[in-house]
Amino acid sequence: MRGYEPLGLDHVVLRVADQAASERFYTEVLGCTLDHVNERVQLVQLRFGEQLIDLLPGRRGPDGMDHFCLSIKCAALGVVASWLRERGVTLEGDVVQRRGAFGTGPSLYLRDPDGYLIEHKPR
């Protein structure tokens, strides 16, 4: 048992060349609403239904993907972290408080076999 139940997608983070143009596209064309701005890291969070699409300046790689976040249900994220480590998964740092589609709370990062960054965040 992995120590958690999958609940769905929390958010995706995109690296964009022109943050203002991307924000206009996602709000005016796709119907997102501005949810939050984190000035410290230049992050714009747009709400699309229950989930968030986060925009960060500075395109990275051909696809612009920074990471995606999986929403989970668990008793303790530290237990999940231990379970992952026992299976040889290298975590990117420790459990840290971060903001997501369902509020601020603990999260952790890991990478898949292709190097994609995946965040796990309890709801």
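At 31% relative accessibility, Arg 99 is classed as partly exposed, in a model that is predicted. The side chain of Arg 99 forms a salt bridge with Asp 35, and the closest N and O atoms of the two are 2.8 Å apart. Because Asp 35 belongs to strand E2 and Arg 99 to strand E6, this pair ties together parts that are 64 residues apart in sequence. Asp 35 is also partly exposed, with a relative accessible area of 29%.

A further salt bridge joins Glu 86 and Arg 87, with an N to O distance of 3.4 Å. Glu 86 is exposed, at a relative accessible area of 63%, and Arg 87 is partly exposed, at 47%.

The whole structure holds five salt bridges. One of them is formed by the side chains of Asp 66 and Arg 15, at 3.1 Å from N to O. Asp 66 is placed in strand E5 and Arg 15 in strand E1, so the contact ties together parts that are 51 residues apart in sequence. Asp 66 is buried, because its relative accessible area of 10% falls under the 20% limit.

Gly 64 is located in the loop between E4 and E5 and is buried, with 1% relative accessibility.

## The largest pocket

The largest pocket has a volume of about 400 Å³. Its lining comprises 20 residues, of which Val 41, Leu 43, His 67, Arg 98 and Tyr 109 are the closest to the centre of the pocket. By residue class, the lining divides into seven nonpolar, six polar and seven charged residues.

At least two residues each come from E1 (4-16), E2 (33-38), E3 (43-48), E4 (51-57), E5 (65-74), E6 (96-100) and E8 (117-122). Strand E6 gives the most, with four residues.

## Backbone at Gln 42

Which residue other than glycine has a positive phi near 60°? The residue is Gln 42, and its place is in the loop between E2 and E3. For context, most residues other than glycine have a negative phi.

## Nonpolar surface patch

A nonpolar patch on the surface is formed by Phe 25, Val 29, Leu 30 and Phe 48, which together have about 380 Å² of accessible area. Phe 25 is part of helix H1, which covers residues 19-29. The relative accessible area of Phe 25 is 42%, and the residue is therefore partly exposed. This value is over the 30% that membership of a patch requires.

## Contacts and separations along the chain

Val 13, in strand E1, is buried, with a relative accessible area of 2%. The C-alpha atoms of Val 13 and Asp 54 are separated by 4.5 Å, while the two residues are 41 residues apart along the chain. Leu 52, in strand E4, is likewise buried, at a relative accessible area of 2%. Between the C-alpha atoms of Leu 52 and Ser 107 the separation is 15 Å, for residues that are 55 residues apart along the chain.

Is Leu 34 buried, partly exposed or exposed? Leu 34 is partly exposed, with a relative accessible area of 49%, and it is found in strand E2. Leu 34 and Arg 47 are 13 residues apart in sequence, and their C-alpha atoms are 6.3 Å apart in space.

Terms used:
Residues are numbered from 1 along each chain as its sequence is written. This is a predicted model: local features need pLDDT of at least 70, side-chain atom pairs count only at pLDDT 80 or more; totals for chains, interfaces and linings use all residues. Side-chain values use heavy atoms; hydrogens and water are left out. Patches are made of residues with over 30% relative accessible area and no salt bridge: like charges are joined within 9 Å, nonpolar side chains (Val, Leu, Ile, Met, Phe, Trp, Tyr) within 5 Å. Accessible areas come from the Shrake-Rupley method with a 1.4 Å probe; for residues, only the protein chains shown count as cover. A salt bridge is a side-chain nitrogen of Lys or Arg within 4 Å of a carboxyl oxygen of Asp or Glu. Buried means under 20% relative accessible area, exposed over 50%, partly exposed in between (1.4 Å probe, protein chains only). On a 1 Å grid over the protein atoms alone, a cavity is a set of points where a 1.4 Å probe fits but cannot get out, and a pocket is an open set with protein on both sides within 12 Å along at least five of seven lines; lining residues have an atom within 4 Å of a point. Grid points are joined across faces, edges and corners, and a volume is the space filled by probe spheres set on the points. Ala, Val, Leu, Ile, Met, Phe, Trp, Tyr, Cys and Pro count as nonpolar, Asp, Glu, Lys and Arg as charged, and the others, Gly among them, as polar.
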